[in-house]
Amino acid sequence: MHARSAVLLRTVAVLLGGSLLLGATACTGTTGPTVAGQQGPATATVGDADPVPIGPEPTPALPVTVHNYDGGEVTVTDAGRIIAVDRSGTFAQTVYALGLGSKLVGRSTSAAFPAVEDVPNVAGGSGSMSVEAIAALRPSVLLTDSTSATPVMRDQLKALGIPTVYLDPARTIDGVGPQIEAVANALGVPEAGKKLAQRTKDEIAAATATVPAQDPKLRIAFLYLRSTAITMIAGPGSGADSLIAALGATDAGTASGVKEPFIPITSEALIAAAPDVLLVMSDGLSSVGGVDGLAKIPGIAQTPGGKNKRVVDMSDAVVLSFGPNTGRVVAALAKAIYGNPTA
């Protein structure tokens, strides 16, 4: 991810603000599937959102020296008190799925799966950290990425002597396996990381295999919604483009000429994107008044997806997490978008 794109994505996340809470509801499709897929609105759910541990709690082989994503090195000598912070909750999910959930003492609010609800929050949904809250938890290692800590925060963490591992901030389908292994290596459990990465890749492959061939491909637009004050359409580098590709569809925003991860929605941009399906976060959809409220945003009603109310929502804490749950995310979205083509 280019530095400019990373900064913009973080800015969008900060603007969105607040907790990314698990908010999935029951499917509300109005008609049955057709050749082109599910008609009417639907909610994609993954059931129990807790990542499944790859095995019993592993014993870390430490110390390990880690090369940080943005340069420099850090030596991790103890994985007994782990804090995991990023804007999508990916690192906390990965720590849990590696079997080290009992060692997780701090997280960001975006890590909203049930198993960690009692773990203290040290960062908002945007991933922006509170150094004071982190220090109070006396972590033996902090896992974060290069967009969650400002230069001032990095200096403060270094001055406090907190071993901090800075990982890749990009979120893509292809990056899921390497990201899992990077977290595992930093915690001294590389074998568990290899097993978890392979399991996740296999689950993603199985999920994508359920996607029916479409000619032409569906055009799906991912929209960020936080009341009518913040409405944005995703483009290249948002992460949503990678997810949409895994669903056998075309990212409508990118195809229409959007050049940044997210840009404000305009009638012109939506009409140009011409999405067949509108993919949104559940809390975001609720914030604009549901499907009927979404239709009132200028340009939505003029798109194929808006006219047909082909709106698919998924929990804020799940849809762009790109971690151990990714296979289940793709499978749930495929079912919501395409119906059950084998039925």
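Visitor: Is Thr231 buried or exposed?
Guide: In this predicted model, the place of Thr231 is in strand E10, which covers residues 230-234. A residue counts as buried when its relative accessible area is under 20%. The relative accessible area of Thr231 is 14%, and therefore Thr231 is buried.

Visitor: Which residues does Thr231 touch, not counting those up to four places away in sequence?
Guide: Thr231 belongs to strand E10, and its neighbours up to four places away in sequence are left out of the list. What remains is a set of residues from elsewhere in the chain, namely Tyr224, Leu225, Ile263, Pro264, Ile265 and Ile297.

Visitor: How many residues of strand E13 are buried?
Guide: Strand E13 runs over residues 277-281 and is mostly covered. In a regular strand the side chains alternate between the two faces of the sheet. Here Val277, Leu279 and Met281 point one way, while Leu278 and Val280 point the other way, and all are buried. The count of buried residues in E13 is accordingly 5 of 5.

Visitor: Which residue in E13 is the bridge partner of Phe222?
Guide: Strand E9, which covers residues 219-226, is joined to E13 by 4 bridges, and the two strands run parallel. Within E13, the bridge partner of Phe222 is Leu279.

Visitor: Which residue in E14 stands opposite Met281?
Guide: E13 is also joined to E14, again through 4 bridges, and these strands run parallel. Met281 is one of the residues of E13 that are buried. The residue that stands opposite Met281 in E14 is Met314.

Visitor: Are helices H6 and H14 roughly parallel or roughly antiparallel to each other?
Guide: The axes of helix H6, residues 190-208, and helix H14, residues 326-338, come within 7 Å and cross at roughly 10°. Angles under 35 degrees count as roughly parallel. The two helices, H6 and H14, are therefore roughly parallel.

Visitor: How do the residues in the contact of H6 with H14 divide into nonpolar, polar and charged?
Guide: H6 contributes Glu203, Ile204, Ala207 and Thr208 to the contact, and H14 contributes Thr326, Gly327, Val330 and Ala331. Sorted by kind, the residues of this contact are 4 nonpolar, 3 polar and 1 charged.

Visitor: Are Asp145 and Arg171 buried or exposed?
Guide: Asp145 and Arg171 form a salt bridge whose closest N and O atoms are 3.7 Å apart. Asp145 lies in strand E7 and Arg171 in the loop between strand E8 and helix H5, so the pair ties together parts that are 26 residues apart in sequence. As for their accessibility, both Asp145 and Arg171 are buried.

Visitor: Where does Asp292, the salt-bridge partner of Lys309, lie?
Guide: The side chains of Lys309 and Asp292 meet at 3.3 Å, N to O. Lys309 is partly exposed, with a relative accessible area of 38%, while Asp292 is exposed, with 51%. Lys309 lies in the loop between helix H12 and strand E14, so the pair ties together parts that are 17 residues apart in sequence, and Asp292 lies in helix H11.

Visitor: What is the C-alpha separation of Asp283 and Ser227?
Guide: Asp283 lies in helix H10, residues 282-287, and counts as partly exposed at 25% relative accessibility. Asp283 and Ser227 are 56 residues apart along the chain, and their C-alpha atoms are separated by 9.6 Å.

Visitor: What share of the residues of the protein chain count as buried?
Guide: The protein chain has 14 helices and 14 strands. Of its contacts with a separation of 6 or more, 69% are between residues 24 or more positions apart. Of the 343 residues of the protein chain, the share that counts as buried is 54%.

How values were computed:
Residues numbered from 1 in each chain as written. Predicted model: local features only at pLDDT ≥ 70, side-chain atom pairs only at ≥ 80, totals over all residues. Heavy atoms only, no water. Axes fitted to C-alpha atoms, helices over the stretch in contact; angles between N-to-C directions. Parallel < 35°, antiparallel > 145°, perpendicular 65-115°, else oblique. Contact = heavy atoms within 4.5 Å. Nonpolar A, V, L, I, M, F, W, Y, C, P; charged D, E, K, R; others polar. Buried < 20%, exposed > 50% of the residue type's maximum accessible area, 1.4 Å probe, protein only. Salt bridge = Lys/Arg side-chain N within 4 Å of Asp/Glu carboxyl O. Pairing = 2+ DSSP bridges.
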